[in-house]
Amino acid sequence: MNIKITGSGSYIPTKKVTNSDFAQHDFLNEDGTAFNMTNDIIAEKFVEITGILERRYAADDMVNSDMALIAAKKAIDKSGIDPETLDYIILAHNYGDIQTNTIQSDTVPSLATRVKYGLQIKNPKCVAYDILFGCPGWIEAVIQAQAYIKAGMAKKCLVIGSETLSRVVDKHDRDSMIYSDGAGATIIEATDDEGGILAHESATFSFDEAKFLYFGNSFNKNEDPNIRYIKMYGRKIYEFALSNVPKAMASCLEKSGIAITDVKKILIHQANEKMDEAIINRFYKLFKMETPAGIMPMSIHKLGNSSVATVPTLYDLIVNGELEGQNLNKGDVIIFASVGAGMNINAIVYKM
């Protein structure tokens, strides 16, 4: 028995936000003081560092679970399964459903339960729950689905990563330009087909790192101090990721028994182009190798950082031939990897 992705789907919001759309934003320093550079220079430097040219935001009449449902339906259709045969629906997110222009996060019932309701699944033994694990949430949910199947507790699981980060950003913080919305879904099931999940690695670093990503006040000191937004210590996260993600990936690869030269693609969380490139370069240096050309597909340039949705969306785009110059074929070995709030790190070695 092997455990494989038998279907995938994604939802990419239609609302396109380019860097020029931030031209009128009043960006401030953390202490509330003004920057000593214009917004066009801020945008220019932003692209140099992150690679992001545009991002997608959910339509005003949509919430997180709406996007998750769309992606889930596509994954179910691609897999050809009967949704009534699903044993688990595991939905990774961070902020629940947030209506446009509101400040409340709605998580009851769980977003996974809302998706189950939207799919009109009658089977009460299909268990639906959410997972909060920062940006690595979808990968961690896949690891959980694998554990259920290995333990004989499940045969088929729907695993979703979905988030609307545009609803929790501080418009006075330059980091708000990184974030976006989106959803990706996969069917994980037991199969006699060759390949599947070969190994995984997962860790939480919290002793010094727990609050590298957090909820904090607006940089505009005139705003309501009771309203908080997603914040991060970017330099600390960068240094942490470079020190720890390559080692986790290498450990996972070693567990799998796969040679580094047999890895076809690395699908890493789309957080920051320069950071992702540095992580992959350091990973290959551990094996005393140069980074192969085209090993790391990127969607961040057009889609931004949609947290838990980046990796499953990237996978879905590639397998459906929607990412130019990238493809995956049966038998290819890929590595999924992510880093995010917690600070959490995980990786999966997977054979198509």
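**Close-up views of a predicted model**

View 1. An unreviewed UniProt entry lists residues 253-351 as "domain: Beta-ketoacyl-[acyl-carrier-protein] synthase III C-terminal". In this predicted model, the chain over residues 253-351 is 31% helix and 22% strand. The end C-alpha atoms of this span are 12 Å apart.

View 2. For residues 129-200, the unreviewed entry gives "domain: Beta-ketoacyl-[acyl-carrier-protein] synthase III N-terminal".

**View 3. The largest cavity and its lining.** The count is one cavity of 30 Å³ or more. The largest cavity has a volume of about 90 Å³. Its lining comprises 14 residues, of which Asp 181, Gly 182, Leu 303, Ser 306 and Thr 313 lie nearest the centre. Strand E7 (181-191) and helix H8 (310-319) are the elements that each give two or more residues to this lining. By class, the lining has five nonpolar, eight polar and one charged residues.

**View 4. Two cis peptide bonds.** Val 108 and Pro 109 are joined by a cis peptide bond with omega of about 0°. Pro 109 sits in the loop between strand E4 (88-92) and helix H3 (111-119). Gly 342 and Met 343 are also joined in cis, with omega of about -10°. Met 343 is in the loop between strand E12 (333-340) and strand E13 (344-351).

**View 5. Non-glycine residues with positive phi.** Asn 101 has a phi of about 60° and lies in the loop between E4 and H3. Asn 101 is exposed, with a relative accessible area of 80%. Lys 288 has a phi of about 55° and is found in the loop between helix H6 (273-285) and helix H7 (300-303). Lys 288 is exposed, at 77% relative accessible area.

Terms used: Residues are numbered from 1 along each chain as its sequence is written. This is a predicted model: local features need pLDDT of at least 70, side-chain atom pairs count only at pLDDT 80 or more; totals for chains, interfaces and linings use all residues. Side-chain values use heavy atoms; hydrogens and water are left out. On a 1 Å grid over the protein atoms alone, a cavity is a set of points where a 1.4 Å probe fits but cannot get out, and a pocket is an open set with protein on both sides within 12 Å along at least five of seven lines; lining residues have an atom within 4 Å of a point. Grid points are joined across faces, edges and corners, and a volume is the space filled by probe spheres set on the points. Helices (H or I, at least four residues) and strands (E, at least two) are DSSP runs, numbered from the N terminus. Ala, Val, Leu, Ile, Met, Phe, Trp, Tyr, Cys and Pro count as nonpolar, Asp, Glu, Lys and Arg as charged, and the others, Gly among them, as polar. UniProt positions are given in the numbering used here, feature names are shortened, and annotations may be inferred rather than shown by experiment. Buried means under 20% relative accessible area, exposed over 50%, partly exposed in between (1.4 Å probe, protein chains only).
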